[in-house]
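Here is a short report on one protein chain. The sequence and the 3D structure come first, and the notes follow.

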Amino acid sequence: VKHEADNLFAYFPTVINAVKAANRMQKTLDWENFRAPADFDIYVSIGIGYGPTLVFDHDMWGQELILASKLGEDVAASREILLTEAAQPMLQDSMYKVSHFPVTLGGDSYLAYRLETSHVA
């Protein structure tokens, strides 16, 4: 939908689609990093949310967007994919496994979920 500085904001119809795209991005970057000199390696950290979001031509608004953005930019380590508490249940009947941990964002406490890479397809 948009990009600002080094941030990319995308909308997916399902959390599963977002996780698949995030995994594909990580794998593509791993391959490109393998082929390129180490000084040119690129790593991303990703936050995924789920919930009401206003999406227009080139912008997005919503609480889950804010939470996912904070997780991806402020909490996630390099190569991590984190999900909000609202996004996590959308993976319950899938092959993806997550582990939870507490985070504080803007003075409020939340549960965040880390996608376990050993189960990534």
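## Val98 and its contacts

Leaving aside neighbours within four places in sequence, Val98 is in contact with Leu83, Gln88, Leu91, Tyr113, Arg114, Leu115 and Glu116. Contact means heavy atoms within 4.5 Å. Val98 lies in strand E7, which covers residues 98–105. Helices (H or I, at least four residues) and strands (E, at least two) are DSSP runs, numbered from the N terminus. Val98 is partly exposed, with a relative accessible area of 26%. On this scale buried means under 20% relative accessible area, exposed means over 50%, and partly exposed lies in between (1.4 Å probe, protein chains only). Val98 and Thr117 are 19 residues apart along the chain, and their C-alpha atoms are separated by 8.9 Å.

## Basis of the model

This is a predicted model: local features need pLDDT of at least 70, side-chain atom pairs count only at pLDDT 80 or more, and totals for chains, interfaces and linings use all residues. Residues are numbered from 1 along each chain as its sequence is written, and side-chain values use heavy atoms, with hydrogens and water left out.

## Overall layout

The chain has 2 helices and 8 strands. From the N terminus on, the order is β-β-α-β-β-β-α-β-β-β. The C-alpha trace spans about 40 × 35 × 30 Å along its principal axes.

How does the radius of gyration agree with that of a compact globule? With 121 residues, such a globule would have a value near 14 Å; the chain has 14 Å, which agrees. The radius is taken over C-alpha atoms, and the globule rule is 2.2 Å times the number of residues to the power 0.38. Residues 24 or more positions apart account for 60% of the contacts with a separation of 6 or more.

In soluble globular proteins, nonpolar side chains tend to be buried together. A nonpolar core here is a set of buried Ala, Val, Leu, Ile, Met, Phe, Trp, Tyr and Cys residues joined through side-chain atoms within 4.5 Å. The largest such core has 13 residues. Val15, Val19, Ile48, Ile81, Leu83, Leu91 and Leu115 touch the most other members. H1 gives the most, with 4 residues.

A second, separate core holds 8 residues, including Leu67, Ala76, Phe101 and Ala112.

## Loops around E6

Two residues of interest sit in the loop between helix H2 (63–75) and E6: Arg79 and Ala77. Most residues other than glycine have a negative phi. Arg79 has a positive phi of about 75° although it is not a glycine. Arg79 is partly exposed, at 32% relative accessible area. Ala77 is partly exposed too, at 38%. Ala77 is in contact with Val44 and Ser45, leaving aside neighbours within four places in sequence. Ala77 and Ser45 are 32 residues apart along the chain, yet their C-alpha atoms are separated by 6.1 Å.

Ala86 is in the loop between E6 and E7. Ala86 counts as partly exposed at 29% relative accessibility. Ala86 touches Tyr50 and Glu64, not counting residues up to four places away in sequence. Ala86 and Leu111 are 25 residues apart in sequence and 9.4 Å apart in space, C-alpha to C-alpha.

## Val55 in strand E4

Val55 is found in strand E4 (residues 54–56). At 35% relative accessibility, Val55 counts as partly exposed. Leaving aside neighbours within four places in sequence, Val55 is in contact with Val1, Tyr11 and Met60. Val55 and Glu80 are 25 residues apart along the chain, and their C-alpha atoms are separated by 25 Å.

## Surface and charge

Buried residues make up 30% of the 121 residues. The chain exposes about 7,800 Å², and carbon and sulfur atoms supply 56% of it. Accessible areas come from the Shrake-Rupley method with a 1.4 Å probe; for residues, only the protein chains shown count as cover.

There are 9 positive and 16 negative side chains, and the centres of the two sets lie 8 Å apart. Lys and Arg count as positive and Asp and Glu as negative; His and the chain ends are not counted. The place of a charge is taken as NZ of Lys, CZ of Arg, CG of Asp or CD of Glu.
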